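I set out to record what I looked up in this structure. The entries below are kept in the order of the searches.

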Amino acid sequence: MELWGDGATKAWSIGFTFHDQEVPVVATDTIRLVSTGMWTPSRVLTNADLERMVDTTSDWIVERTGIHERRIADDDIGVVDMGCNAAHEALAEAGLDPSGVDAIIVSTATPDRLLPATACDIQARLGANQAVAFDLWGACSGWLYALNVARGLILSGQIENALCVATEKMSAITDWTDRATCVLFGDAAGAAVVQRSDREGRGILASYMRSDGSLAELLHRPPSSAQPIPIDIAEIAHRNGFIRMAGREVFKNAVRSMCEAVDAVLEQAGISKDDVDLLVPHQANIRIIEATAKYANIGMDRVWVNVDRYGNTSSATIPVGLHEARQVGRIRDGSLVLMVTFGAGLTWAGALLRW
Ligand code: UT7
């Protein structure tokens, strides 16, 4: 078998000669998702349950957020367990043995421990002994950031494939006495295997990533390693590690930044809003999703929504949404999928994918 190719052009071809026949394999200038996977805990926390925990009503939660229930992982389940479950499904669909994975990039805001990276723990558990493994802190935007980092590593020729995982145990950093935040979040993990696309015009057609650290205080989680370790009980309680959010301000920024991401990726790809088959947005609040869809002129019948069932699972919302949409045939071969997200940082991102 003789390999041949031309790396000089942007969209180049490699192929092989088999029994004197040239067999071309198109190696494009982008990556594609080979497979997806997801995992959610079986334990359901309903709005009725929350009515018994804090001063709220199911009507308020549904009207302001669209959330009916969310999934909560058991105490003995961590993000490594969750991420591995999603990864196993993605690897199985890709037909990829863990030893063949080149990179594991993990997005999580809720690591089981701060050292080492969650990705390294997932690597060890999977037996992906040839991979480089690292975490990426992009909050809710983390999985789209991971996808774009994988794209860069693959297209620069450093790796051939990557496992991009988002695994979030938001219940562990939620203050269950704060009605303003505890109704919003849930636990989930999603994953995808990516590699260089072998079909022209298929895969990630455009990507966009932005951040604005000057707005970090709107959505953050103490403590900080810049502060000395607290020795006082009151101080420990003050730095309890729970998420804190200025909801209304985050809401406004969310709509603005997701709309910006919509425009950016469509313009980059030179594709019209009308051509989008499915919008898979970050799932934080149905009103934010509806406002983004309206801006993008995409009817809600072309929007993937699962915030009603899972709440906000941070960076896991998009890979979980992709996986579910594929399972029910809403994403098929050739579907044009627009993904947009935003989160703490503030961060925001978008990607356009031709499946
Ligand atoms: O992934 C990114 C993370 N975050 C987000 O995307 C969240 C973005 N923000 C939001 O989704 C919305 O701002 C919330 C759902 C968090 C809040 O909705 P809102 O319409 O902006 O309500 P609000 O914060 O302006 O509060 C309205 C009222 C307040 O009472 P007063 O001051 O008007 O008397 C709150 O105290 O609703 C009250 N409230 C509640 N009432 C019943 C706040 N939380 C609750 C609750 N149940 N759970």
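The notes that follow cover confidence, nonpolar cores and ring contacts.

**Confidence.** I noted at the outset that this is a predicted model. I looked up the pLDDT of the protein chain and found an average of 90, with 88% of the residues scoring at least 70.

**Largest core.** I then searched for nonpolar cores; the largest has 46 residues, and Leu338, Phe342 and Leu352 have the most contacts inside it. I listed the elements that give two or more residues to this core: β11 (203–211), α8 (247–269), α9 (286–295), β15 (336–343) and β16 (347–354). The largest share, 10 residues, comes from α8. I also checked the domains: this core draws at least three residues from each of domain 1 (31–196) and domain 2 (203–354).

**Phe342.** I looked up the contacts of Phe342, leaving aside neighbours within four places in sequence. Among them are Cys140, Ser141, Val250, Ala254, Met258, Ile288 and Trp348.

**Second core.** I found a second, separate core of 38 residues, which includes Met38, Ala103, Trp143 and Ala349.

**Rings.** The charged end of Arg256 sits over the ring of Trp348, at 5.2 Å from its centre. I recorded Lys273 over the face of Tyr295, 4.6 Å from the ring centre.

Key. Residues are numbered from 1 along each chain as its sequence is written. This is a predicted model: local features need pLDDT of at least 70, side-chain atom pairs count only at pLDDT 80 or more; totals for chains, interfaces and linings use all residues. Side-chain values use heavy atoms; hydrogens and water are left out. pLDDT is the predictor's confidence in each residue, from 0 to 100. A nonpolar core is a set of buried Ala, Val, Leu, Ile, Met, Phe, Trp, Tyr and Cys residues joined through side-chain atoms within 4.5 Å. Buried means under 20% relative accessible area, exposed over 50%, partly exposed in between (1.4 Å probe, protein chains only). Helices (H or I, at least four residues) and strands (E, at least two) are DSSP runs, numbered from the N terminus. Domain bounds come from an automatic or database domain assignment. Contact means heavy atoms within 4.5 Å. A charge sits over a ring if NZ of Lys or CZ of Arg is within 6 Å of the ring centre and within 35 degrees of the ring normal.
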